[in-house]
Amino acid sequence: MCGIIGYIGKKDAAPILLKGLKDLEYLGYDSAGLVVHSPEALQVVRTPGKIVELEKAMGGKEYPGTMGVGHTRWATHGEPNKVNTHPHLSFDGKFAVVHNGIIENYMTLKNKLMQKGIEFKSDTDSEVVAHLIAHLYKGDVGKAVLQALNMLQGAFGLGIVSLDNPEMLIGARRGSPLLVGIAKDDLFLSSDVAAVIGHTSKVVYLDDNDVVFMRNDGSHRIVNLHSQEVQREVEEVEFSVEHVEKGGFDHFMLKEIFEQPDSIRNCTRGRLLINEGTAKLSGLATNIKELRSIDRIIITACGTSYYAGMVGEYMIEELAGIPVEVEYASEFRYRNPVIGPNTIVLAISQSGETADTLAALKESQRRGATALGICNVVGSTLARESDGGVYLHVGPEIGVASTKAFTAQVSVLAMIALLLGRMRRVSFEQGVEIAQAMQELPAKVQEILKLNDRIKDIASRFTNAPNFLYLGRHYNYPVAMEGALKLKEISYIHAEGYPAAEIKHGPIALIDENMPVVVVAPKDALFEKVLSNIQEIKARKARVIVVTTEANEHLEQFTDEVIVIPSTLSMLMPILTCIPLQLLAYHIAVLRGNNVDQPRNLTKSVMVE
Ligand code: F6R
């Protein structure tokens, strides 16, 4: 996803937009630009690269004006060069537009406008919006914007500045998040609340096909595409500015790893009923009757959220005996999935904006399923469009590599499994045991974080490895997958996660003295089996790093590095075992000189297919 920040009020817009762009940089950092409505003209500045490049490009020049809009881009259509950078100006210089999303019919519109002699400068789909509005403009900006929006197909979050209307900033949303921040004397337009919480906690989340006209007297008006006025609630945002600051850590990722004792506590607070041995999830309150009668669950998600879903599958099947399938949302949406009358679809997404996950959610609803969501971002599309669901309550996750969202997703899935289990075959005693074990998790995570220096030291011995294997079994197989994903996305080292026993069916051929293998092997029912897998790989001279809950000489004999962490119930182990893997990936990436908060080619939220 790209980031949008707009401002209209009494203050100088340029510094506010620049600061907003920095807050949004985690959403896209290929190129950035902004426009300020200055008395005589629309002043646009754009550069490829990060916000710091934009700042340099602005250096020394005055950008007077109290209204404008900025954009930080994650390139989809067109390479991240200057001409493709937003804002895009219309052919007559009267409109500047920033755009998130994809205009699916841009080629048709572009051809029509070109036939009328309008010249296009960029390879983007977004530029067409600026020209189209200018082409339709006959003195009434609202009319031209609505006419243009009615001609667009696809998804958009738009910020529009009109030269003739210095008193007005316009925003529009369809399928791409956009909100209005309401401060005392000024208004903000943003695709993400992170850019406005430094100014106000009051926000209005726009719905699809909403168009907002924000004025410099602090008022705003929202209409639909037929120009009818609509009312949207002003909501209070719960978190504050320290959530979007590094708070003394070198990177957001490290801060978020260290936040996990608190984030797990916040996620489970008030939801674990120890005395009843169950969980209470208010977001599912209206679905309780259905949850009693379901006979199948499909979990759908992408990336890290998908791996959390895999842990959920094991938990729900174990506790509730309900068959669960986990499917990549990108596959689910284009298959012909079988959905029975008692199937529930559970979509998991930190951002709540991942295009494939949202499409899978819609597809399942179209086929009559109740579709529930697990997500973090309050007011996100997933939260609005699902038929019920659970928030993670972990505050904004800014690091592109997901960490605290994963442990919270697994915690929520554990609570759902407990709830479903208690409706079926989990006894009161077992329920109490699980709820108590969950309550002890934050303290155990805190213990693991004390191993940070030790893990950094281990990382220093593996920074030059070209490949890594991650192995785990049962509940820790998804952790192996997640550990490998963490490493590859921020260190750019090729890594694969496997169920430990699968190694003999092919991957063992890769192993020699240059191959580091991370084995997740807590002392559980499968420990001896995993130990024999470790022996097999050590016999091929691999360098073995093991994450376990109990070291002994036997294990040390076959391993190069042993990381010992506290133990918990098997089903909850992923919440602990993933933490050393997060730290290992983090330190390897930092030691390799990578920017872990802005890994190459990635964005925090993938809003395109
Ligand atoms: C990995 C990562 C991604 C996301 C994936 C889904 O660290 O962050 O793999 O997990 O893009 O994102 P959400 O959960 O927002 O749907």
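Predicted model: local features only at pLDDT ≥ 70, side-chain atom pairs only at ≥ 80, totals over all residues.

**Charge over a ring.** I started with R600, which sits over the face of Y492 at 3.9 Å from the ring centre.

**Aromatic pairs.** Next I searched the whole structure for aromatic pairs and got eight. I looked up F249 and F258 among them: the ring centres are 5.5 Å apart and the planes make 35°, so I logged this pair as tilted.

Then I went to Y306 and Y307. Their ring centres lie 5.8 Å apart with the planes at 75°, so that one goes down as edge-to-face. I checked accessibility here too: Y306 comes out buried at 11%, and Y307 is buried at 10%. Anything under 20% counts as buried, so both tyrosines qualify. I also noted that ring pairs tie Y306, Y307 and Y328 together into a cluster.

**F239.** Where does F239 sit? I found it in the loop between β14 (235–236) and α6 (252–258). Leaving out residues up to four places away in sequence, F239 touches V193, I197, G395 and P396.

**The six-stranded sheet.** I traced an open sheet of six strands, in the order β5-β6-β7-β8-β12-β13, with antiparallel pairing. Which strands stand at the edges? They are β5 (88–89) and β13 (220–223); each has a single partner strand, so one side of each has no neighbour in the sheet. A reminder to myself: sheet strands pair through backbone hydrogen bonds, parallel or antiparallel.

I zoomed in on the β5 end. β5 pairs with β6 (residues 95–100) over two bridges, antiparallel, and H88 has V97 in β6 as its bridge partner.

**Helices on the sheet.** What packs here? Helix α4 (residues 127–136) does, touching β5, β6 and β7 (156–162), and its direction makes about 140° with that of β6. I then followed helix α5 (residues 141–151), which lies across β6, β7, β8 (168–174), β12 (210–215) and β13. Against β8, α5 runs at about 15°.

Methods. Residues numbered from 1 in each chain as written. Heavy atoms only, no water. Phe/Tyr/Trp six-rings, centres within 6.5 Å; stacked < 30°, edge-to-face > 60°. Buried < 20%, exposed > 50% of the residue type's maximum accessible area, 1.4 Å probe, protein only. Lys NZ or Arg CZ within 6 Å of the ring centre and 35° of its normal. Helix = DSSP H or I, 4+ residues; strand = E, 2+ residues; numbered from the N terminus. Contact = heavy atoms within 4.5 Å. Pairing = 2+ DSSP bridges. Axes fitted to C-alpha atoms, helices over the stretch in contact; angles between N-to-C directions.
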